[in-house]
Amino acid sequence: MSSYINTPVPDAHQYFPLNEPPIGSYLSLERERPALFQTLVLRGMKFKNRIFVSPMCQYSSDNGHATDWHLVHIGGFATRGVGAICMEATAVVPEGRIAPEDAGIWTDTQTEPLRRIVDFCHAQGTKIGIQLAHAGRKASTHAPWVQNKAGRGASHTASEQENGWPDNVYGPSNLAFSDKYPTPKAMTGQEMNDLESAFLSAINRCERAGFDFIELHAAHGYLFHSFVSPLSNVRDDEYGGQPLENRMRFPLRIVDACRKAWPDKPLFVRISASDWAEGPEQDEAGTWKQWGIEQSKIFTGELQKLGVDLVDCSSGGNWAKQTIPLKHGYQVHFAEALKRAHPTLAVGAVGLITDPLEAESYVKSGKADVVFLARELIRNPHWALHAAHKLGAKVKPANQYERGWW
Ligand SMILES: Cc1cc2nc3c(=O)[nH]c(=O)nc-3n(C[C@H](O)[C@H](O)[C@H](O)COP(=O)(O)O)c2cc1C
């Protein structure tokens, strides 16, 4: 006689009902499988669909340690069908935080709360990664809702009384992002070496926490973006100035070291493909005036040569007077340009992607391999299942939530 039991997830740290197949997997065989629900394999790791949670700072960490807020926030996505989750910008050194309550991975005690979140996601059959970051010259600032309290036009800098470290902020050069931000110190060779060691220690902690992939943050005006852009890097040594090769040198050195320290699992890099500053990327004399898509294509090619598995293509954040023509999918053309230039590299598109049909068209037409969503997933953590519904596909909800869908 057959017996029916509520099968547990094998080897999980608590009892959880097993989802077979995992939540967010495509089920229906009658129709053509939508591109968003095709699996993706990167460095031998299988992702069950192409909908990824974009990293989102929560400004809610306890001296860099994840809390139950993070478990609930990230856990909510893990139970609702996304293909992968990238945890927020997580600083590899304390002075690399954007705001005082940012996530950190500079000390061993920060590993355990992350491991708890990773274990939960794994028990729900969802891949989880972490964005390793250094905020560079945009460090020591207020969390957004604190800044709102300070009012329009107020300084963004978190002072020492506000738990900030404005005198311990670093960048490629001593150029502030704006007069409302701290003035950074130009990093010395020794400080660059120390930061490389901090990234390697962080990778070791990621391994212990059990993360499936790592994303290095080289976008939004933070340290690595500020190194590659001629607007923020005016060094006169081999790590800066006009030659692109010099400006890329430090970020590429860190990527290379991280790749070697994290050889078996996927490594992503998030870049900004444009500074969105006024004027051209390069003038007629061939001088690079700002960071843009032409240099991004070259940078991406170098990242691929180093063994990066996916470039997550964002834009902006390095020029205080940027003007961004915001509309649905406004950054997708950058992802498409990178994909055209490097067809064998996986590329992620992000930015005002909210409509399932549009998202499907980006992946189906080959403009990007995956879509990253942030704000739409805040509004609707069940977006992947709604998208499946809109695309006429049957996708697995969590056992516990099936009655809401079927
Ligand atoms: C609350 C919030 C926090 C964010 N934190 C990060 C972050 O930690 N790292 C990062 O690369 N981008 C961060 N971003 C940017 C998003 O990942 C995403 O690129 C951006 O919001 C555009 O996508 P969307 O239109 O789907 O929101 C954040 C965005 C939001 C809304």
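Entry 1, strand 12. I looked at which way the residues face: Ala346, Gly348 and Val350 point one way from strand 12, Val347 and Ala349 point the other way, and all are buried. My cut-off for buried is 20 or more other C-beta atoms within 10 Å of the residue's own, with exposed at 12 or fewer, partly exposed in between, and C-beta atoms placed from the backbone. Strands (E, at least two residues) and helices (H or I, at least four) are DSSP runs, numbered from the N terminus. In a regular strand, side chains alternate between the two faces of the sheet. Five of the five residues of strand 12 (residues 346-350) are buried, so the rest of the structure largely encloses it.

Housekeeping: this is a predicted model, so I need pLDDT of at least 70 for local features and 80 or more for side-chain atom pairs, while totals for chains, interfaces and linings use all residues. I number residues from 1 along each chain as its sequence is written.

Entry 2, the partner strand. Strand 11 (residues 310-314) runs parallel to strand 12, and four bridges join them; pairing takes at least two DSSP bridges. Opposite Gly348 in strand 12 I find Asp312.

Contact here means C-beta atoms, placed from the backbone, within 7 Å. Cys313 also turns up in the largest nonpolar core, which has 105 residues; Ile85, Ile214, Cys313 and Val371 touch the most other members. Such a core is a set of buried Ala, Val, Leu, Ile, Met, Phe, Trp, Tyr and Cys residues joined through C-beta atoms within 7 Å. Helix 4 (residues 189-209) gives this core its largest share, seven residues.

Which residues sit closest to the ligand? I get Ser54, Met56, Ala89, Ala374 and Arg375, out of 20 that surround it, taking a C-beta atom, placed from the backbone, within 6 Å as near. Strand 4 (84-91) and helix 10 (375-379) each supply at least two residues of that shell.

I find Trp165 in the loop between helix 3 (144-150) and strand 7 (170-171). It has 17 C-beta neighbours inside 10 Å, so I log Trp165 as partly exposed. Setting aside residues up to four places away in sequence, Trp165 touches Glu95 and Ser140.

I count 11 helices and 13 strands in the protein, and 49% of its 406 residues as buried.

Methods. Two residues are in contact if their C-beta atoms, placed from the backbone, lie within 7 Å.
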